[in-house]
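Open the structure in your viewer and keep the selection tool at hand. The stops below are meant to be taken in order.

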Amino acid sequence: MLRQKLEECQAKISDLGALPNTELITKYMSYSSKNLFKELEKANSNIKRYGHVNKKALDQFISFSEQKEKLVSRKQELDRGHQKIEELMNVLEQRKCDAILFTFKQVSMYFTQVFSKLVPGGFAQLVMKSAGGEESATPNVGDEDNIDNYSGVMIKVSFAGQGSEMREMNQLSGGQKSLVALGLIFAIQKCDPAPFYLFDEIDQALDPQHRKAVADMIHEMSDHAQFITTTFRPELLFNAHKFYGVKFRNKVSHVECVTRDVAYDFVEDDTTHG
């Protein structure tokens with residue numbers, strides 16, 4: 001029983017908090033009851049002045065500190081991710097520039113070769129034009145330069161040889177433009193071949209010499225791709241493997257396979273009466 005009361009008293013003392021030191025006990029022992037009540041009222045009055053203080057401030061401070069640490073850690077993680085993304089973007093940008101330059105140089109090289117076959121003695125080249133108006137046939141993009149600084153690609157040709165004046169597309173005739181366009185198509189085909197090509201009267205504006213050159217080029221490249229052409233001229237028929245005639249009967253188009261001789265007769269008749 002006594003032990004139980006002792007434990008209860010110790011629990012009550014513990015709830016009251018820390019006991020004052022010996023000096024304070026000695027000081028207030030000499031006070032009368034009236035003075036003690038005055039001191040108690042004064043202490044209660046002082047305590048009331050702190051009634052607006054947030055009693056959960058410490059818990060909130062600890063909670064917010066933990067949240068801050070998590071946010072700082074998350075920010076550092078995002079910063080590392082951002083840095084990795086920027087590094088990847090730089091690598092991809094460099095690869096893009098390298099791919100564009102490689103493709104440009106390949107197409108330009110083949111374009112010059114193909115054009116010299118289509119136009120014996122002629123010369124053509126692709127030129128990359130910068131935003132400032134400068135032109136370069138062999139651009140090099142370094143760390144301080146960027147492919148985006150170039151505004152486009154120009155075509156310059158000469159039908160009289162490399163030493164003569166180079167002309168742009170808007171200075172060419174219809175037949176010359178057709179030859180340049182075909183040369184560019186064939187150059188691209190050498191870089192990135194397609195399975196087949198469909199040409200509709202590509203030789204219409206060409207003279208016999210250039211029609212034969214185009215026919216020879218198609219025959220040369222037919223080992224790697226299939227070419228389907230429509231024509232009213234005999235040059236493209238010489239190396240062809242299959243011939244189809246298109247006739248218009250009773251307001252309906254009919255397509256039928258014909259022999260080489262029939263195809264020649266058709267185009268010669270059209271040339272004679274065209």
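**A tour of helices and strands**

Begin by selecting Val114, Lys117 and Leu118 in α4, which meet His210, Ala213, Val214, Met217 and Glu220 in α6; contact here means heavy atoms within 4.5 Å. The residues of this contact of α4 with α6 comprise five nonpolar, one polar and two charged. In this classing, Ala, Val, Leu, Ile, Met, Phe, Trp, Tyr, Cys and Pro are nonpolar, Asp, Glu, Lys and Arg are charged, and the others, Gly among them, are polar.

The model is a predicted one, in which local features need pLDDT of at least 70 and side-chain atom pairs count only at pLDDT 80 or more, while totals for chains, interfaces and linings use all residues. Residues are numbered from 1 along each chain as its sequence is written, and side-chain values use heavy atoms, with hydrogens and water left out.

Now show the whole of helix α4 (residues 57-118) and helix α6 (residues 208-221): their axes come within 8 Å and cross at roughly 130°. Helices (H or I, at least four residues) and strands (E, at least two) are DSSP runs, numbered from the N terminus. Axes are lines fitted to C-alpha atoms, for helices over the stretch in contact, with angles from 0 to 180 degrees between N-to-C directions. α4 and α6 are therefore oblique to each other; angles under 35 degrees count as roughly parallel, over 145 as roughly antiparallel, 65 to 115 as roughly perpendicular and the rest as oblique.

Keep α5 and α6 on screen: their axes come within 12 Å and cross at roughly 10°, which makes α5 roughly parallel to α6. Leu179, Leu182, Phe186, Gln189 and Lys190 in α5 meet a set in α6 that includes Ile218 and Met221. By class, seven residues of the contact of α5 with α6 are nonpolar, two polar and two charged.

Last, go to the strands. Strand β6 (residues 243-249) and strand β7 (residues 252-258) run antiparallel, joined by seven bridges; strands pair if DSSP finds at least two bridges between them. Tyr244 stands opposite Cys257 in β7. β6 and β7 form a hairpin with two residues between them, and Asn250 in the turn has a positive phi of about 50°.
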